Structure formats: C-alpha cells, structure tokens
Amino acid sequence: MTFTLATLLYSIGKLFGIIGFLLLTLLIFSGDTARFWNKWVGLDKMIKFQRKFSYFVAFFVIFHPVFFMLSNESTKGFLFPDFAYTPLAAGIIAMYIFIGVMIASKLYKLISYRVWQYIHILTYVLFFFALYHGINAGSDSDDSGLIFIIAGIVIIIGIIYRTQYKIRERKTGKFLVKSVIKKTHDTFTLTVSGHKDFFAGQFFFLRLNKNKLYARHPFTISSKPGDDMSFTMKLAGRFTQTAKDLKAGEEVLIDGPFGNFIPKPEKDLVFIAGGVGITPFMSILGDRVNKNINQNITLIYGSRTEADIIFKKEIDTIDKPWFKKVYLLSQAEDNAIMSTDCEKGFICKDILDRYVKDIKNSLYYICGPEKMKNNAKKLLKDEGVRGGQMFVEDFFW
Ligand SMILES: Cc1cc2nc3c(=O)[nH]c(=O)nc-3n(C[C@H](O)[C@H](O)[C@H](O)COP(=O)(O)OP(=O)(O)OC[C@H]3O[C@@H](n4cnc5c(N)ncnc54)[C@H](O)[C@@H]3O)c2cc1C
C-alpha cells in the first residue's frame with residue numbers, strides 16, 4: 001500500500017475506532033461492576049468518574065468516522081446508515097446512540113432522572129451494535145478480531161455480575177417501614193425495622209415497589225450503626241413525596257452500603273453541613289457518642305431559619321467535651337430572637353476563626369447545597385487548607 005495523507009488519516013481513524021471501542025468496554029464494565037469496587041473507590045466517586053471518562057471515550061468514538069471522512073471524502077457514507085452493508089450501518093447507529101446517551105447525560109438535570117436512567121440502558125444496545133461493527137468491519141486480522149471477542153466476553157461477565165447482584169439484593173434488601181416522622185416543614189425521617197452493616201457516613205439506594213418508583217434513589221443513612229435504619233429526606237419530587245406517605249408495614253428495598261464519606265481517625269474534624277446535608281453527620285455523631293470516641297469535632301450547620309434546623313433537639317443533647325457546634329441562619333430576620341449557638345449569615349472567615357481551633361491542620365467534611373459547598377471550599381483554600389484535607393459528599397451527581 002502506498003503511503004499517502006489519505007492512508008494515514010484512514011489508519012488514524014481505525015486506531016481511534018479500536019481505542020474508542022476498548023474504552024467503551026471499560027466504561028460499561030466499570031458501571032456494571034461499580035458495586036464491587038465500592039470498597040476501594042466509593043460508588044459515588046465511580047459514578048462521577050464515569051461521567052468524566054465518558055467524554056474521553058466520546059472523543060475517540062466521534063473522531064473515528066471523522067478521520068475516515070477526511071481520508072475518503074465520502075462524508076455521506078459515514079453519516080447515513082446504508083443497510084446494504086450492515087456492519088457499517090451498525091457502527092453509524094451505535095455512534096448516534098452514543099451521542100444521544102451523552103446528550104441525555106448532560107441534560108439529566110433538566111429531564112427526569114428516571115428517564116435518564118432508562119436512556120442509559122441503551123449503552124448495552126450501542127455496545128452490541130459496535131461489537132458487530134467491529135468484528136465485521138473493523139478487524140482485518142485474527143488478532144484484532146480477538147480483541148472484539150474478548151471485549152464482548154468482558155461485557156457479558158459485567159452483565160452477569162450485575163444481574164446476580166440484583167437478584168441477591170432483591171432477596172436480602174427487603175425492609176418494612178417502622179415509622180415516618182415529620183422533622184421540619186419540608187423534611188421527614190423514614191425508619192425501617194432492622195439494619196444492615198455499614199459505616200456511619202455511608203449511603204444506600206432505596207427503591208419502592210409502588211407508583212412506578214422502582215428506580216434507585218440514593219439516601220445517606222442518618223441513624224447510627226446497629227439501630228433500625230433511618231433516612232432523613234427533604235421533599236424534592238415523586239420519590240420523596242411517596243416515601244413521606246408510606247405507612248408502617250409497607251416495603252422498602254434497600255441496597256448498599258456505598259460511599260466512603262467516613263471520617264479519618266486523626267486530627268481535629270470540622271463538619272460543614274447545609275440543610276439536609278446534615279444526614280451523614282448525624283449518623284457519625286450518633287456513632288461517636290455511642291462509642292465515646294474522643295476526637296474533637298466542630299459542627300458548622302447552615303439552615304435558612306431556626307425552624308429549618310433539622311436535628312436541633314438531637315444535636316443540642318450532645319454534651320461531650322470533644323463536640324462544639326454553631327448553627328448558621330441565612331434568612332433569620334434582623335430582629336429574630338435566636339437560641340444560643342445560632343448566628344446569622346453564612347460560613348465565613350470570622351466563623352472559622354472563632355470556632356475552629358487549628359484551621360490549617362484540621363480535616364474538613366462538607367455536605368450541603370452546591371453554593372454552600374463551593375463557598376466553603378473556596379474559603380478553606382483561601383485560609384491555606386489543602387485539597388487533601390477536604391472531603392465532600394455530593395447529593396447531586
Ligand atoms: C450520595 C447521595 C446521598 C443523598 N442523601 C440524601 C439524604 O440523606 N437526604 C435527602 O433528602 N436527599 C439525599 N440525596 C438526594 C436524593 O437522592 C434526591 O433528592 C432524591 O433522589 C430526589 O428524588 P425525588 O423523586 O423525590 O425528586 P426528583 O424530582 O426526582 O429529583 C430531584 C433531584 O434529585 C436528583 N435525583 C433524583 N433521582 C435521583 C437518583 N435516582 N439518583 C441521584 N439523584 C437523583 C436529581 O438531580 C433531581 O433533579 C442524596 C443524593 C446522593 C447522590
């Protein structure tokens with residue numbers, strides 16, 4: 001074969017195709033086995049990593065036909081599937097499904113989360129289209145054909161792992177509602193009878209077998225290990241609305257635990273919470289009171305008004321030399337009569353200076369709304385706290 005610019009572009013296109021396919025395999029396999037890696041990486045971190053990684057995969061998938069187009073000048077042949085040659089048509093369809101899934105991932109905050117989860121299932125369809133395309137159009141030697149076959153086996157292993165996990169969870173994850181108790185005007189605590197083993201600070205996936213709410217919803221546990229499991233929820237949409245109206249004896253499916261928002265046993269700890277972001281800290285504080293762990297903790301807890309402080313009674317009863325707290329009220333009236341430990345405003349340098357003994361050497365655990373989280377991180381950075389000393393739990397993936 002004579003070497004020309006066209007052959008170079010064609011070879012790059014082929015290479016991009018194989019790399020894109022292998023990365024796609026890795027992306028899907030890591031999703032299917034994400035629960036397996038939770039212990040080491042944290043499922044939430046895996047999910048967030050996957051979102052970023054998918055852009056990297058998209059780069060190779062999209063540029064794979066672009067290089068062919070540049071080499072061949074026949075743009076149309078790579079844009080519109082021609083079913084006279086099904087391997088190429090399958091590849092083009094796979095690419096469009098991939099682009100569709102990527103757009104849905106970008107827009108999932110606008111479209112319903114549930115719809116996004118269903119669209120996401122299309123990744124399997126696109127994988128098998130891409131596999132068919134790869135085997136029949138992309139492999140010109142036995143070696144490259146083998147790569148596609150191994151990738152297919154890897155994905156099947158992933159699907160088997162995921163399916164057996166789901167079957168097991170369906171058997172062991174059934175719990176019955178014990179109570180639903182209103183906490184503030186827009187929050188409540190759902191408690192089920194029984195518990196699973198977990199570390200304080202972790203979260204679970206909840207599903208309901210009613211109102212078509214079987215899709216998983218993540219909630220951090222707010223009770224301490226060993227107690228009946230409680231989840232404190234803020235009313236957001238259909239799932240939380242239905243959970244609020246659950247009656248004692250109804251079924252909740254609970255899958256987990258996941259995540260590694262678990263405080264390290266060293267240095268002073270500062271917990272920065274906003275609104276319902278208090279849940280992991282309630283579990284951690286309950287656990288520490290129970291075990292009488294003597295590690296200094298300062299809780300800085302932001303709410304709109306005093307009536308919005310979710311666990312005020314419970315937090316106020318923690319009377320330990322290692323525990324300090326301040327409630328920050330962002331919307332308290334100027335002339336509001338506030339309880340002791342309440343301050344008006346947001347987290348700021350003045351609050352850190354007054355409540356945190358050793359700002360530079362403490363470890364910070366942050367859970368709350370996006371804006372609060374970003375303000376807190378910036379403030380801490382300005383105060384000389386390193387990124388490695390800050391741990392964030394996102395309630396919004
Ligand atoms: C790790 C983690 C822990 C969480 N812990 C708590 C908690 O302790 N208490 C609490 O009140 N909330 C918690 N959340 C948020 C909670 O999962 C959502 O508010 C809830 O799923 C909303 O469901 P909905 O149907 O009531 O509202 P919707 O109207 O469906 O959703 C409101 C918003 O919640 C997000 N959301 C919806 N469904 C899901 C889903 N399946 N997975 C991820 N996000 C979703 C979407 O971004 C959506 O815009 C947590 C989220 C995460 C990621």
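1. How far apart do the C-alpha centres of domain 1 and domain 3 lie? They lie 43 Å apart, in a chain divided into domain 1 (5–170), domain 2 (173–258) and domain 3 (269–392), with bounds that come from an automatic or database domain assignment.

2. On provenance, this is a predicted model, in which local features need pLDDT of at least 70 and side-chain atom pairs count only at pLDDT 80 or more, while totals for chains, interfaces and linings use all residues. Residues are numbered from 1 along each chain as its sequence is written.

3. Taken along the principal axes, the C-alpha atoms of the chain fill a box of roughly 80 × 50 × 35 Å. The chain has 13 helices and twelve strands, these being DSSP runs numbered from the N terminus (H or I with at least four residues for helices, E with at least two for strands). Of its 397 residues, 32% are buried, where buried denotes 20 or more other C-beta atoms within 10 Å of the residue's own, exposed 12 or fewer, and partly exposed anything in between, with C-beta atoms placed from the backbone. Among contacts with a separation of 6 or more, 73% come from residues 24 or more positions apart, a contact being two residues whose C-beta atoms, placed from the backbone, lie within 7 Å.

4. Helix 3 (residues 43–72) has 30 residues and should span 44 Å at 1.5 Å a residue, which agrees with the 43 Å between its end C-alpha atoms; the expected span is 1.5 Å times one less than the number of residues.

5. Five bridges join strand 3 (residues 203–208) to strand 6, and Leu-206 stands opposite Ile-254 in strand 6.

6. Ile-18, in helix 1, is partly exposed because 18 other C-beta atoms lie within 10 Å. Its C-alpha atom is separated by 7.9 Å from that of Gly-134, 116 residues apart along the chain.

Technical notes:
Pairing = 2+ DSSP bridges.
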